[in-house]
Amino acid sequence: MSQQQLDEETPLLPLQRKARTPLPWRQFSIILFLQLAEPLTSQVIAPFAPQLIRDIGITNGDETSVGYYVGLMYSLFFATQALTVLHWSRISDHIGRKPVILTGLFGLSISMYCFGLSTTFSGLVLSRALNGALNGNVGVIKSMMVDITDSTNLAQAYAYMPLAWSTGGTIGPLVGGLLSRPVEQFPNVFGHSQFLKTYPYFLACAVPATFSALAWIVTFLFLRETVPTRVTLGRFLRSKYHKDTIPGPVTPTASSDSLSTEDAARPANGDDSKPLPLRSLLIPRVIIAAGNYAALSLLDIAFRDVQPLFFATPIELGGLGLDPPRIGNILAIYGVINGLFQILFFADLHDRFGSKIIYSAAMVAGVPMIVIFPILNAVARVQGLSFTLWAIVGLQLAFSMILNLAYACVFIYIAAASPNQASFGTTNGIAQLGVSIVRAIGPASATSTFSLSIKNPQHAWIIYYYMIALVCIGIFASLFLPRQLWKNQN
């Protein structure tokens, strides 16, 4: 039996007995703070996006076209992000994470100020395109998390990621709803402001824009670079055209064992000091990890878009007929509980069961999560908004929290898939590229299918068939993930 076979089949028992390394809280808390910027900027427009489309007159009074333009505005961000996110991630492997994060925060801030000042649909389009094109922070921040952790605390670090997204996803809509059209909502305070009468959505957009500017200052002053290198952006760009030889970044010692679960899969030369070419990263394990991330994201974003539509749709058309404040309260409460659940339980569950079991169970939880939709409508038709119905809503949200456990697992898979530590950024960029693509098409496909299902009684179940198909795709993709060696350690 070869040494590689022994490495693949033998559990890393010494690793399992190691005590969990304390997280570097100073830098880790800064990273969590930076993560708030994107969900804030993306979710703040949710409450007023339909009214904004009506106000600029692009639909010419056609209410049936409002949803189309809103969906286009959302999808445009992910479409432009898909075009640039891989390049930003590759650059971060060469010139460092910090310059790329600073550029992304600058783009978020400027684009949100421009969005608030836009009075035409073309202005909105340009602002969203700028937002997506300059923002490569999602993959880069994940790479930085791997840089500052090791194999004993990586799962604990990723468990905190949903808290940042849940917090931003909760605060963003609240800010957007409260501060949009302030002259009408708070005439005693803003009634004399001609500027806010002309730009009624600027104040709501200025909050996340200013937060991103503050995050830029915090990053510049306090965030430490995790990829020390003497390569400048100018030299990196010159190398793309003149084939200069660029020394690779020095790999930080803090992450020296962060991928020890797949040492057997490392390159034979063991050179971790240089980022590998893109072609060298398009290997099966990177494609499998990125594919699972894309499948999970497609299912999750479809559920997130359909759920509030289902809640708001009248009971006779197949929904629950809830009003916006009640829907907002449900989603806000879920966001807080989900974030706490991930923090309190994921790391311990991961230590006990490993990534493969948790990820597989999370994907399977998608089946009852979707099946509960028609059950809710059936109960509402008979009992109305009864205690039984709310209990079933709570059960669906519980299955959704289980599904969200899969995110931390797939992030660990992506980190482990990188052939060397110096290529973390590009590996995350490949994964984020796939996710940006599915997020560009996911919302439109899910909401369009839902609209078809409620317009024609003969197609009433087509949305559930569609979402169950997404679950099956995710379960099938999970079969290709390797068995985590530490799962047998109890």
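Guide: Glu184 counts as exposed in this predicted model, because its relative accessibility is 55%, and exposed means over 50%. The side chain of Glu184 meets that of Arg181 in a salt bridge, with 2.6 Å from N to O. Arg181 itself counts as partly exposed, at 22% relative accessibility.

Arg181 also meets the side chain of Asp55 in a salt bridge, again given as 2.6 Å from N to O. Asp55 belongs to helix H5, which covers residues 49-56, while Arg181 sits in the loop between helix H11 (161-179) and helix H12 (182-185), so this pair ties together parts that lie 126 residues apart in sequence. Asp55, with a relative accessibility of 38%, counts as partly exposed. Through salt bridges that share partners, Asp55, Arg181 and Glu184 are joined into one network.

A search of the whole structure finds five salt bridges, and another of them links Asp147 with Arg97, where the closest N and O atoms are 2.9 Å apart. Asp147 lies in helix H9 (residues 137-147) and Arg97 in helix H7 (residues 97-117), so here the parts tied together are 50 residues apart in sequence. Asp147 counts as buried, because its relative accessibility is 3% and buried means under 20%. Arg97 is buried too, with a relative accessible area of 1%.

Methods. Residues numbered from 1 in each chain as written. Predicted model: local features only at pLDDT ≥ 70, side-chain atom pairs only at ≥ 80, totals over all residues. Heavy atoms only, no water. Salt bridge = Lys/Arg side-chain N within 4 Å of Asp/Glu carboxyl O. Helix = DSSP H or I, 4+ residues; strand = E, 2+ residues; numbered from the N terminus. Buried < 20%, exposed > 50% of the residue type's maximum accessible area, 1.4 Å probe, protein only.
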